[in-house]
Amino acid sequence: MFAPLKSIRSEMLVLAQENIDTDQIIPARFLTTTSREGLGKAAFYDWRYDDHGQPLADSPLRAEKADGRAILVAGANFGCGSSREHAPWALYDFGIRVVISSEIADIFSSNALKNGLLPLCVDEEAHRYLLANPGLQVQVDLETLTLTAGNHTLTFDVEPFARQCLLQGRDSLGVLLTHTDDITAYEAAQK
Amino acid sequence: MSSPTSLFDKLWQRHLVVDETDDRPGVLYIDLHLIHEVTSPQAFSVLDMRGLSVRRPDLTLATLDHSVPTLPPGDDGALPYATPAAANQVRTLIDNCERHGIDLLDLGDPRRGIVHVIGPELGVTQPGKTIVCGDSHTSTHGAFGALAFGIGTTEVGHVLATQCVFQRKPRTMRIIMENRLAGGVTAKDMALHIIREIGADGGQGYAIEFAGPAVEALSMEGRMTLCNMSIEAGARFGMVAPDETTFDWLAGRAHAPKDAAWDAALDDWRTLKTDPGAPIDREMIIDAATIEPMVTYGVSPDAAAPVSGIIPQQDEAAHAYMKTQADQAIGTLKVDRVFVGSCTNSRLSDLREAAAILKDQKVKSNITMLVVPGSEAIRQAAEAEGLDRIFIDAGAQWRQPGCSMCIAMNGDKGEPGDLVVSTSNRNFIGRQGKDVRTVLASPATAAASAIAGHVADPRDFPAVTLP
Ligand code: SF4
């Protein structure tokens, strides 16, 4: 389970590359786990460590955790590639709660929203502004659906049901289970 | 009469248990849930934690593919797992299936194979079904006119517990492939061409239907290759309306309907097509006749070009990683490894395509070539035809079925710096091993490149007719 996400203020972690795929977020060799815990150490592993497991000096991701930076701003088409939910698990455990980009891949978004991680698409102008001002403090408020960076404030949309789940810090399985009678009726109608 | 409806909308409507509203996504019923060892363990844990059982084990089918070795057991009889964790993951799925009464295509089961290969092969993949799997290439099954899409592990748990997922309806896109593919050009080339045209994010938020004469002319294997790579264009769904090619392919398969049920199924399946005038959010027309054998040259699947052409300008990081320059001829790329396999191109026809070029030829001595059939059934059929001999005689390795170098998590991988010509679907940085450079290609192009030692145009290599 994850902590509710209502409002968060943090410095940005900026990774401006486009098409950051899930193999970058968590390389496949870490997928042999049967648990979802503790994957933060594998987040962006090959961007952080050399072949001998030594931290790379020139990595933008030096620290063990995201250094208190809970808002990741990334280039377009973030999270493309596989459906591995290990990607949002790893980012969450690494300390990230919000991913901002001009475009975020569908399956990654869907997975992120179920795991306390808010994928937030902004228009290209706002995206450029954030990428160009990496030192800014950013405030993301899920209750008012506003993002504030420097003197700029903009509003954003989140799928309403996913938003409720995030605000309450809960998985949607409980809600799905309330439809058990509907599901039984559907099955009966299929003969 | 009802209004004209797209294939996608017909299937969506049929499976809605609860309609979507502004506040809630719809509840969509799932007819077939495929699971594998990598994306299921945490879902079973959630079931255990909440004291839930699997609602429909009879609609769930499990296989082992991602973490399993493709080398046979050693002298001690043990499979050479890459790590103890990989072995544990396999054991975990075996346990979970046993506890919940789920049919598992276990190691040694003659039905086992890559999840997107075995579904169609066993005939559990059928037109009109909703099919999910914790795997983004689930779109493969859309080749049969099924509504098939990849889900995450949380959703795997949802489907195990309720046989449903919450979903909002995506937009629809139709790509019409006019004319016919030229000789020596394959479905893989078509897929890479389309991805280049619409971009790696062009299908984001869409369900794509592939249509038109060039798609109708494809075999089922070709259609699977095409739908498989929908996700490389950003689309979760790819589909082709079922037709006689589909029905012929399915007839007589283990789980296909029989006798009267088959006739009834056909009556229904024949209605599964997009009606003329049906609303589609975006439509595109592409001339298939102009497509050439394609390969990728960069680190995103839309970085694709004709194999006979040059590498265009791309961002510096991609050039640096791939050790390439703009305007360099693609044919100058030296090859270290060749991989024929994956859910994109590991079916019998793919193996034949590679074997026809490799017969009586030699893989360049510095190249390691792996040929990994997509399933046990394919392995046996290929061996019955002598394809394994053709590969082995050419100097390639003939392996046991699995995902292998497509995802490189079972120990099959390249060495840093290697250039791999691969029939798989992703050329991401590090996908086939750390610092490994991937060039995506068709089986024919892969075979030609293995002989030439550099990325090569298969049309320059005569394909022999196999007995
Ligand atoms: S072959 Fe590759 S893409 Fe296909 S299911 Fe296996 S890992 Fe995924």
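How many positive and negative side chains does chain A have, and how far apart do the centres of the two sets lie?

**View 1. Charges of chain A in a predicted model.** Chain A carries 16 positive and 26 negative side chains, and the centres of these two sets lie 5 Å apart; Lys and Arg count as positive and Asp and Glu as negative, with His and the chain ends not counted, and each charge is placed at NZ of Lys, CZ of Arg, CG of Asp or CD of Glu. The model is predicted, and local features need pLDDT of at least 70, while side-chain atom pairs count only at pLDDT 80 or more. Residues are numbered from 1 along each chain as its sequence is written, and chains are lettered from A in the order in which they are written.

**View 2. The largest nonpolar core.** A nonpolar core is a set of buried (under 20% relative accessible area, 1.4 Å probe, protein chains only) Ala, Val, Leu, Ile, Met, Phe, Trp, Tyr and Cys residues joined through side-chain atoms within 4.5 Å. The largest one holds 80 residues, of which F44(A), F78(A), F108(A), F391(B) and V455(B) touch the most other members. Its largest share, six residues, comes from helix α12 of chain B, residues 348–358.

**View 3. The surroundings of F108(A).** Leaving aside residues up to four places away in sequence, F108(A) touches I25(A), F78(A), G79(A), A87(A), P88(A), L91(A) and L117(A), where a contact means heavy atoms within 4.5 Å.

**View 4. Burial in chain A.** Of the 191 residues of chain A, 58% count as buried.

Conventions:
Side-chain values use heavy atoms; hydrogens and water are left out. Buried means under 20% relative accessible area, exposed over 50%, partly exposed in between (1.4 Å probe, protein chains only). Helices (H or I, at least four residues) and strands (E, at least two) are DSSP runs, numbered from the N terminus.
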